[in-house]
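Please work through the following exercises with the sequence and the 3D structure at hand. Each task is followed by a worked solution.

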Amino acid sequence: MAFKKNSSKLSQITVLKHIVKRCSSLSRKQQQHYEDVPKGHFVVYVGINRSRYIIPISFLSHLEFQKLLRRAEEEFGFDHHMGLTIPCEEQVFESLTSMLR
């Protein structure tokens, strides 16, 4: 049973590495749009208006943020060129991120 738990944690780490790599490659491809993104942060788009947020990579380790990323993957996938889009209302996203800081 301990092996299964460890295996699950490894798969989460793999998913998080994929997300960070994807965000980094987007940044390199569209560098003119990401010049204001400090090191250790990445851009997400939230809500129906696709409002842009710059968030720290450390958010990737929080369970609640990981849930949002899973929803994003289910709804949009990670292989598109429109940036990482989070499928929730801006107010909900702002509330969650304020608790994570």
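The model is predicted: local features need pLDDT of at least 70, side-chain atom pairs count only at pLDDT 80 or more, and totals for chains, interfaces and linings use all residues. Residues are numbered from 1 along each chain as its sequence is written, and side-chain values use heavy atoms, with hydrogens and water left out.

**Exercise 1. State the secondary structure pattern of the protein and the share of its residues that are buried.**

Step 1. Helices (H or I, at least four residues) and strands (E, at least two) are DSSP runs, numbered from the N terminus. The protein has three helices and three strands, in the order α-β-β-α-β-α along the sequence.

Step 2. Of the 101 residues, 36% count as buried; buried means under 20% relative accessible area, exposed over 50%, and partly exposed in between (1.4 Å probe, protein chains only).

Step 3. Take the contacts (heavy atoms within 4.5 Å) between residues at least 6 apart in sequence: 50% of them join residues at least 24 apart.

**Exercise 2. Describe the length of helix H2 and the arrangement of its buried residues.**

Step 1. H2 covers residues 63-75, which is 13 residues, and spans 19 Å from first to last C-alpha, close to the expected 18 Å. The expected span is 1.5 Å times one less than the number of residues.

Step 2. Phe65, Gln66, Leu68, Leu69 and Ala72 are the buried residues of H2. Viewed down the axis of H2, they fall within an arc of 155°, so they line one face of the helix; the arc is that of the directions from the helix axis to the C-beta atoms.

Step 3. An α-helix has 3.6 residues a turn, so residues three or four places apart point the same way.

Step 4. The face of H2 turned away from its buried side carries the exposed residues Glu74 and Glu75. Just after H2, Gly77 has a positive phi of about 75°.

**Exercise 3. Which residues of the largest nonpolar core touch the most other members, and which element gives the most to this core?**

Step 1. A nonpolar core is a set of buried Ala, Val, Leu, Ile, Met, Phe, Trp, Tyr and Cys residues joined through side-chain atoms within 4.5 Å. The largest has 17 residues, of which Val44, Ile55, Phe65, Ile86 and Phe93 touch the most other members.

Step 2. S1, S2 (51-56), H2 and H3 (90-100) each supply at least two residues of this core, and H2 gives the most, with four residues.

**Exercise 4. Classify the ring pair of Phe65 and Phe93.**

Step 1. Rings of Phe, Tyr and Trp (its six-membered ring) pair if their centres lie within 6.5 Å; planes under 30 degrees apart count as stacked, over 60 as edge-to-face and the rest as tilted. By this rule there are three aromatic pairs.

Step 2. The ring centres of Phe65 and Phe93 are 6.4 Å apart and their planes stand at 55°, so the pair is tilted. Phe65 lies in H2 and Phe93 in H3, so the pair ties together parts that are 28 residues apart in sequence.

Step 3. Tyr53, Phe59, Phe65 and Phe93 form one aromatic cluster.

**Exercise 5. Is Val46 buried or exposed, and which residues does Val46 touch?**

Step 1. Val46 lies in strand S1 (residues 41-46) and is buried, with a relative accessible area of 0%.

Step 2. Not counting residues up to four places away in sequence, Val46 touches Ser51, Tyr53, Ile86, Cys88, Glu89, Glu90 and Phe93.
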